[in-house]
Amino acid sequence: MSFDIAVTGPAAEAVARVVPTLVADGVASGIMTQNGSLWGPDAESEATKRLGWVEAVAISQTLVPGILELRDALRDRGVDHIVLGGMGGSSLAPEVITKTAGVELTVLDATAPGQVLAALGDRLSTTAVVISSKSGSTVETDSQKRVYEHAFRSAGIDPVERIVIVTDPGSPLDESARSDGYAVFNADPNVGGRYSALTAFGLVPSGLAGVDIEALLDEAGSVSLQLALDNDENPGLVLAAAIAGTSPLKDKLGIVSDGTHIVGFGDWVEQLIAESTGKDGRGLLPVVLEIDAPEIGASIPDLQIVRLVESRKETEEVADGEIEISGTLGAQILVWEFATAVAGRLLGINPFDQPDVESAKIATRGLLDARPEATEPLFVEDGIEVRGTASASSSVRTAVDELLAQLGHDGYVAIQAYVDRTALPELAELRSLIAARTGRPVTFGWGPRFLHSTGQFHKGGPAVGVFLQITATETVDLDIPERPFTFGQLIAAQAAGDASVLVDHGRPVVTLTLTDGAASATTLSRILA
């Protein structure tokens, strides 16, 4: 089979108890016939417009010839390097698809000027850029498009020959790009961004980069019939019950890649589940874990370990209390989308809206318009500036200790790094360090990309998180053509805007600003160890 799941402990009890009810209610067939009433009257209007992903395999087949034709045309012109400018679901799906296939794709889901400059690099003469934005008005992707247009023109290259647009039909970007002569691929407007992996948003950049996208669609198609059947063996119903039906609810999901051939799947699942379920004070928080993460084996009552393994054989023996899953990438994508939708029904929320994502965008726009002076830090220690809900006389260690002291028995820590991740990848190691100190689940997100995914959970989910924000003093900056702000100003506004919205929601936030790059990052790790 292309997808296998084995469950033990509370998850197995949930499957036995919940799946028969889902079968009796006709949930599987209802989803596949795009019945928006499954999530209640308040969600029906939105849900009815967001179920197009169930037909993505069939509809996307029509896109494949055009993608392959453009890929071949680019290669004939010596273009063999694809850059993707996109955020959230528009970038995370192509990232996992290309990494799993072993195909190069430079993913630019960032506004840190150093990271943008690194993506521009010295390969412009052989580079094509995919700009992906469902709404057609995303500030990050608009900025990325502008800087590449300028770079191509400066190099004597016509941007129309090198920039490809993916967007919804009729969006502002769709209309302007077609008017300017760009190649445009439209995605199904009845598919939300986080459910768009098997639409143009996932397929265009992946296909242009060299992935066998026809095989990916075939993998997904292999489980479509199973998902449509109202029976106890439906893998989507089983997975939904296992992750969202436990009693009491284990609302933290530790996603562990344990030998699977799929690369980076946890990051994609994280945005799918967190943005879909984190609202109305409820939700499931995915926590992407290393194989030796402190949380594993720590007996955290509200943490459900979900282990992604290589083959069906490995699911024959499952550690007590864990879930083990194997499958092809295409099958995994479709089953997890289906299960997330069903999880929304079990949790009593609408899995297709994102009511709190816009709040950080509004705050960012306000700061970009006003561009106030940066607030003075409460104090500075060893090149690290401290702001937020820390006492003015603290050390960095004490400031973080005060933040972590606000963790409840059901809480989590979110580390948010608004920095150039190509320059400071070691910051990701703070996740396991803080998890070991607290004995609680810890998430790590690179800003601003997480604003388009887990940012919804941070504001709309259970109010049990504490937030450690890390920013950096930019040593370089980059103008955004025809915009009154730079990339450096943009990422600073995004970090400050997000912090202000979190504080408005009553979430504790401490911001640490690294003023000396890698040296400050090393100092921070030493202080927090």
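A salt bridge is a side-chain nitrogen of Lys or Arg within 4 Å of a carboxyl oxygen of Asp or Glu. In this structure, E290 and R431 form such a salt bridge, with their closest N and O atoms 2.9 Å apart. The model is predicted, so local features need pLDDT of at least 70 and side-chain atom pairs count only at pLDDT 80 or more, while totals for chains, interfaces and linings use all residues. Residues are numbered from 1 along each chain as its sequence is written, and side-chain values use heavy atoms, with hydrogens and water left out.

**Salt bridges**

- The structure holds 29 salt bridges. Side chains of opposite charge can pair when their charged atoms come close.
- Helices (H or I, at least four residues) and strands (E, at least two) are DSSP runs, numbered from the N terminus.
- Burial is judged by relative accessible area: buried means under 20%, exposed over 50%, and partly exposed in between (1.4 Å probe, protein chains only). E290 counts as partly exposed because its relative accessibility is 28%, whereas R431, at 3%, is buried.
- D251 and K252 meet through their side chains in a salt bridge of 2.9 Å, N to O. D251 is buried, with a relative accessible area of 17%, and K252 is buried at 2%.
- D72 forms a salt bridge with R71, and their closest N and O atoms are 3.4 Å apart. D72 is partly exposed at 36% relative accessibility, while R71 is buried at 16%.
- A network of salt bridges links E95, D109, R421 and R449.

**The sheet and its helices**

- Five strands form an open sheet with parallel pairing, in the order β3-β2-β4-β5-β6. The edge strands, β3 (106-108) and β6 (183-186), each pair on one side only. Two strands pair if DSSP finds at least two bridges between them.
- From one strand to the next, the twist averages 20°. Axes are lines fitted to C-alpha atoms, for helices over the stretch in contact, and angles run from 0 to 180 degrees between N-to-C directions.
- Strands β2 (residues 81-85) and β4 (residues 127-133) pair in the parallel sense over five bridges. The bridge partner of H81 in β4 is T127.
- Helix α8 (residues 139-154) packs on the sheet and touches β2, β3, β4 and β5 (163-167); contact means heavy atoms within 4.5 Å. The direction of α8 makes about 155° with that of β4.
- Helix α10 (residues 200-209) also packs on the sheet, touching β2, β4, β5 and β6, and its direction makes about 155° with that of β5.

**Aromatic pairs**

- The structure holds ten aromatic pairs. Rings of Phe, Tyr and Trp (its six-membered ring) pair if their centres lie within 6.5 Å; planes under 30 degrees apart count as stacked, over 60 as edge-to-face and the rest as tilted.
- The pair of W53 and Y195 is stacked because the ring centres are 5.4 Å apart and the planes lie at 25°. W53 lies in the loop between α3 (41-48) and α4 (56-60) and Y195 in the loop between β6 and α10, so the pair ties together parts that are 142 residues apart in sequence.
- Both W53 and Y195 are buried.
- F444 and W446 form an edge-to-face pair, 4.9 Å centre to centre with 80° between the planes. Both F444 and W446 are buried.
- Ring pairs link W39, W53, Y195 and F352 into a cluster.
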